[in-house]
Amino acid sequence: MIPFIIACFILIAVIVVQIGRVSELSAKIRGEKEAEQKANEGTARLMVPFLVVFLVLCCYSAYYYKNWMLGFGPLQSASEHGGAIDSLFWTTTVITGIVFFATQILLFWFAYKYQQKEGRVGEFISHDNKLEVIWTAIPAVVMTFLVVGGLDAWNMITADVPLEATSTLRATGENEFIEIEGTGYQFAWHLRYPGEDGRLGTKNYRKINGVNPLGQDWTDEKNLDDFHPSEIYLPVGKQVRVRITARDVLHNFYLPHFRVKMDAVPGLPTYFVFTPTTTTEDFRKGLKEYPEYNVPDPEDPEKMLWETFDFELACAELCGSGHYSMRRLVRIVTEREYEEWLGNQSSYYFGSIRDTDEDPFKGMVLDFEKKERGIAFRDKLETVLAQPDSLERIVRFDYVTFATGSANLTQETTYELDFLVDALKKRPNMTIEVAGHTDATGNADSNMTLSDARARQVYNYLTNNGVGAERLQAAGYGQTKPVADNGTEDGRKENRRTEFKILTK
Ligand SMILES: [Cu+2]
C-alpha cells in the first residue's frame with residue numbers, strides 16, 4: 001500500500017512539472033510580455049468604473065437607509081443630551097467622510113494613472129520632513145478638535161445628579177430624580193425600582209439565591225418596598241439615574257434611542273443619568289410620517305411598523321450565546337400613565353419573601369403593617385359606632401391571640417389592644433364589654449372558664465395601660481355564641497374569638 005502511495009506522489013510531481021513546461025512553451029509562442037501588458041491595462045481601466053460604482057453605491061445606500069439610522073429622519077434622539085451625541089457623531093462622520101472620499105478617489109485614480117508601462121520607473125523617497133510634518137499635524141489637529149468635543153459631551157452625559165438632589169419614585173419636585181437599577185446576567189436584565197420611599201435597598205452578592213435574585217438584604221427596610229418590573233416605565237421629562245450592575249460577566253446597558261450606553265461590570269456599579277424627552281406615543285407619531293414605517297409589521301401583520309414600535313434596552317456586550325435575547329421594552333409615558341403603572345406594581349418582598357424562611361421578620365408584624373392595621377381598626381370602629389342598634393356594636397379583634405389552651409396573651413399581637421386603648425382615651429364616655437368565645441371542641445365548662453380568663457386578661461391589659469376599670473366589663477361566653485359552623489376547621493377558627501361590645505358611645 002505505502003509503495004503505491006509513494007508512486008502516486010511521484011507521478012503527480014512529474015505531471016505538475018510537465019504542465020509547467022507546457023505553459024512556459026506556449027507563453028513563449030504567444031509572447032509573454034505582451035499578454036502581461038494587456039492584462040495590466042485591462043485591470044487599470046477597470047479601476048475607474050469600479051471607483052465610480054463603489055462611491056455611487058456608498059452614497060445611495062446611505063441615502064436609502066437614512067430613515068433607519070439613529071440621529072436621522074424620524075430616529076432623532078429621545079433624550080435631553082442625545083442631541084450633543086448626534087452632532088458629535090455628525091461632525092465625525094463629515095470629517096472622516098471627506099477623508100474617505102479623498103483617499104478612495106486617489107487610491108483608484110492612481111492605480112489607473114500609474115499603471116505599469118514599458119520603461120516607467122517608480123520614484124523612491126527615502127525621507128521628507130515636510131511631508132512627515134503635514135501628515136502628522138493635520139490628523140493631530142483634527143483629532144484634538146474631535147476629542148475635545150467628545151470629552152465635552154462625555155462629561156455632560158456622565159455628570160451625576162447633584163449632591164443635594166434626592167431620589168424619589170416620581171421626581172415631581174425641584175431637584176429630584178428617579179433612580180432605577182438594571183442588573184445584567186446571562187441572559188436577561190433584572191430591573192428594580194425603589195418603591196414609595198424612592199430609595200433602592202442595599203444588596204449583598206452572598207445573599208443571592210433562587211428566591212433572592214439580586215441578593216437584597218431584607219433587614220434593610222429600604223428593600224421592603226422595592227419592586228422588580230419586567231419593563232422599564234418612565235415618565236417623560238423626568239431626570240432618571242440608572243444604577244447598573246452585573247451578576248456574572250460583562251454586559252452593557254444600552255438604550256439606543258436615548259443615546260446612553262454603559263458597561264455593566266460585576267462588582268463595580270456604574271451609572272448614567274438621562275432625561276427622556278418624548279413619549280413612546282409621540283415617537284410613534286413621528287415614525288408614521290415616513291413611508292418606511294408604513295408597512296405591516298412582519299411579526300404582527302395586522303399593524304403597521306410605526307404602531308408596534310417600542311424603545312428598547314439591549315445588551316451591547318457580546319456576553320455569550322444567548323446575548324441576543326437580552327431585550328427589555330422601555331416605555332416613556334405621561335405622568336398619569338406612569339402613576340397608573342406604579343399602582344399595578346407590588347413589592348417583591350411582600351410577593352415572594354414575606355413569611356417564608358428567607359424572611360428575617362417571619363412571624364413578626366412590621367411597623368408599617370401595624371400602622372395600616374391601626375387605620376383599618378379605626379375605620380372598623382367608626383362603622384360600628386355608627387350602627388343605630390346597640391346590639392350590633394361589636395368589634396372583633398383580628399390579630400389578638402393567646403397561647404394554645406391558656407389565657408396568656410401572645411405578646412406580638414397586643415398592638416391591636418393598643419389601638420383600643422387609644423380609642424378609649426379619645427372617647428372618654430365610651431364603655432365596653434370584652435367578651436371571650438371558644439369553639440365547640442372539648443369540654444363546655446372548661447371552655448367557659450378559658451374564655452372568661454381570656455376576656456379577663458384583655459381587661460387587665462387595658463387597665464394596666466391606663467383605662468379606668470369603671471369603663472370596662474369582661475365576660476366569657478365559652479362555646480355558647482358561635483358565629484360559624486363548628487363542623488369545619490374554618491368555622492371553628494372563626495368561633496375562637498375575642499371581641500368587645502360598645503355599651504355606651
Ligand atoms: Cu449581556
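Predicted model: local features only at pLDDT ≥ 70, side-chain atom pairs only at ≥ 80, totals over all residues.
Although aspartate 355 is not a glycine, its phi is positive, at about 65°.

A positive phi, near 55°, is also found at arginine 259, again a residue other than glycine. Arginine 259 lies in the loop between strand E6 (251-255) and strand E7 (260-264), and because it has 24 C-beta neighbours inside 10 Å, this arginine counts as buried. As background to these angles, most residues other than glycine have a negative phi, and most peptide bonds are trans. The peptide bond from glutamine 186 to phenylalanine 187 is cis, with omega near 0°, and phenylalanine 187 belongs to the loop that connects strand E2 (176-185) with strand E3 (188-192).

## Domains and their contact

The domain assignment divides the chain into domain 1 (33-116 + 130-158), domain 2 (166-353) and domain 3 (367-504). Between domain 1 and domain 2, the C-alpha centres are 36 Å apart, and the contact draws on 14 residues from domain 1 and 19 residues from domain 2.

On the side of domain 1 that touches domain 2, the elements giving two or more residues are helix H3 (82-113) and helix H4 (129-158). Sorted by class, that side of domain 1 holds six nonpolar, seven polar and one charged residues.

## A four-stranded open sheet

Four strands form an open sheet in the order E13-E16-E14-E15, with mixed pairing. Strand E13 (394-396) and strand E15 (472-476) are at the edges and each has a single partner strand, so one side of each is left without a neighbour in the sheet. On average, and with direction ignored, neighbouring strands of this sheet are turned by 20° against each other.

The pairing of E13 with strand E16 (residues 497-504) is antiparallel and consists of three bridges; within it, valine 395 has phenylalanine 500 in E16 as its bridge partner.

## Helices packed on the sheet

H9 packs on this sheet, where it touches E13 and E16, and the direction of H9 makes about 160° with that of E13. Helix H11 (residues 444-464) likewise packs on the sheet, touching strand E14 (431-437), E15 and E16, and its direction makes about 160° with that of E15.

Methods
Residues numbered from 1 in each chain as written. Buried ≥ 20, exposed ≤ 12 C-beta atoms within 10 Å, placed from the backbone. Domains from an automatic or database assignment. Contact = placed C-beta atoms within 7 Å. Nonpolar A, V, L, I, M, F, W, Y, C, P; charged D, E, K, R; others polar. Pairing = 2+ DSSP bridges. Axes fitted to C-alpha atoms, helices over the stretch in contact; angles between N-to-C directions.
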